[in-house]
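Here's a quick briefing to read with the structure open. Have a look at the strands, the domains and the chain contact as you go.

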Amino acid sequence: MLNKNSLILLVLAVALILIGLVMPYWFSFLVTVALGKGLVVLGLVILMRAGLVSFGQGLYYCAGAYAVGAFSHFVETDNVILLLAVAMLAGLVISSVVGLLLSRYRDIFFAMFSMAFSMILYGVLVKSAELGSSDGFNVTSPSLFGFAPEVNGGSILSYWVAIILAFVFGAIIWRYFKSPMGVAGEAIRENEIRVEYLGVSVQKVIYIKYIMAAVLASTGGAITAMTVGHIDPEMAYWTTSGEFVFIALMAGTGHVAAPLLGAVIFELLRSFAFQVSPYTWQMILGITLLAIIIFLPKGLWSLKDKLMKGAKS
Amino acid sequence: MTALLETRDLAKSFGAVTAAADINVKINAGEIVGVIGSNGAGKTTFINMVTGYMKPTSGDILFDGKNIIGRKPREVMRKGMCRSFQVAQLFPELTVLENILIAQAMAESKTLSFFSALHTNKREQNARALLDDYEILEYVDEVVSTLPQGVRKLLDIAMAMISQPKVLLLDEPTSGVAIEDKFDLMTTVMAAVKKSGAAVLFVEHDMDVIARYSTRLLAFYDGRILADGPTKEVLRDENVQTLVIGHHLDMDELEGTANA
């Protein structure tokens, strides 16, 4: 039996899926790409709540995208379920290995090591002629067992998949944040020594969180690859990872909805900034982030708490 | 009778500096043991070694008859030996209740649940009962970083006691606590700990506190145990007064405090 909140979320998800049928294609495209990035940022938030900032989520974003690209190309399938599963598996396998090392490091060392691994992948892809070198390669549009409806001039399937995944992962992570394992992140951020003396391995908890973040990032990469239809090594470049950190700081870590909404706001802001000032759009983004850090240090999501407090008083 | 905790020829060196040597101690169930010594005498090194925070250079540590050398703090904790710290080790930006709930969940199982809620009615009831035992229930919804030092110390000890250990080690439980509050704090702690029947080792600088609450005393000097015996006897020892305490103790006055 669904409770009230679950019912509201379900209705909202169905509404967003239906809105996609009347939405202009450019907007559903923007929302889909944003939600792909939002999932990456959601994973980043899992790490940030444990006091860790990764500048290398591009590694998994890119790995997920290339897993989709390579699998669809070599196995010749466009099945969205299969492609998503392969992308998640890629994130899971790589992070299971890399996480063994990274879970031992904290602070700037964790940030730099994570960036280093993403740059290694970037370097490998740039030198891989079979995978298109620095140009990358095109990815076929996905279908669900041959079902790939076109609405307003473009495929709507990726948008629907992104909405469903955002809600499913959002609900899972929301529940997770309230669980002992989820709260262990905050405990670790606050005091690792006490966590160890309470009988729990800090390294193991961080390792699990790292893998979860990686699977989310590779799923985000898969959504992006299927939507954009093209992948290239820039997805692993450190500036891409920096963009995820940017969104996380802008949105805040207070709620699972924050990174997803933050990513949509970020994409809208970037589109707007690019239209207003094609050569200095980064400046507009920079000024926006600066203003948010100064006036809302806990991110845009904290605005909701402030507004609710204001309404109560 | 097999001792609950036993150390055999325990030693720790940092290069040429010997922090602890020839430490042979047996702690039995239910004992309340005070530990004294000047700064650098080896008290905290001793606690750090037996709780797995620091690996000894040589020697053995037997807990419940089993050697626990090389065990990590979390493994030592799971075996039944917990500790509090000189500087309370808490989760400062969380509330008192959240601190206790996390400690409970972690004490229940080393494999943390992914989907069951941390905050359950049962855990909250237990948390409130525990906080009541330590007389800090009124702070249940306060953020820890805003609390006075004495309350933080009590919370630190309460969190250490959540798993109902067989041995509790308290590293300077009254340090940073106002003089007038020291006895209240120790009385609260000892009453709460007594319920569990755990053996207690507590490091302390205040001889009035030592005289009142410990039945046995270990005096550390220069990394070694200078004296080990009933508290009053050790405090009367000339060597202990000269080398450890640093001045002559008025035993009549001390006994008066102890019986107060």
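In this predicted model, strand β1 (residues 5-14) of chain B runs antiparallel to strand β2 (residues 17-27) of chain B, and seven bridges pair them up.

**The β1/β2 hairpin of chain B**
- β1(B) and β2(B) make a hairpin, with two residues sitting between the strands.
- Check out G15(B) in the turn: its phi is positive, at about 65°.
- Across the pair, E6(B) faces K26(B) of β2(B).

**Two domains in chain B**
- Where they touch, domain 1 of chain B puts in 14 residues and domain 2 of chain B puts in twelve residues.
- On the domain 1 side, α2, β7 (167-171) and α6 (179-196) of chain B each supply at least two residues, and α6(B) gives the most, with seven residues.

**Where chain B meets chain A**
- This contact draws 26 residues from chain B and 20 residues from chain A.
- On the chain B side, α2 (73-79), β6 (81-84) and α3 (96-108) each bring at least two residues.
- The largest share of the chain B side is five residues, and they come from α3(B).
- By type, the chain B side has 17 nonpolar, four polar and five charged residues.

Conventions
Residues numbered from 1 in each chain as written. Chains lettered and ligands numbered in written order. Predicted model: local features only at pLDDT ≥ 70, side-chain atom pairs only at ≥ 80, totals over all residues. Contact = placed C-beta atoms within 7 Å. Helix = DSSP H or I, 4+ residues; strand = E, 2+ residues; numbered from the N terminus. Nonpolar A, V, L, I, M, F, W, Y, C, P; charged D, E, K, R; others polar. Pairing = 2+ DSSP bridges.
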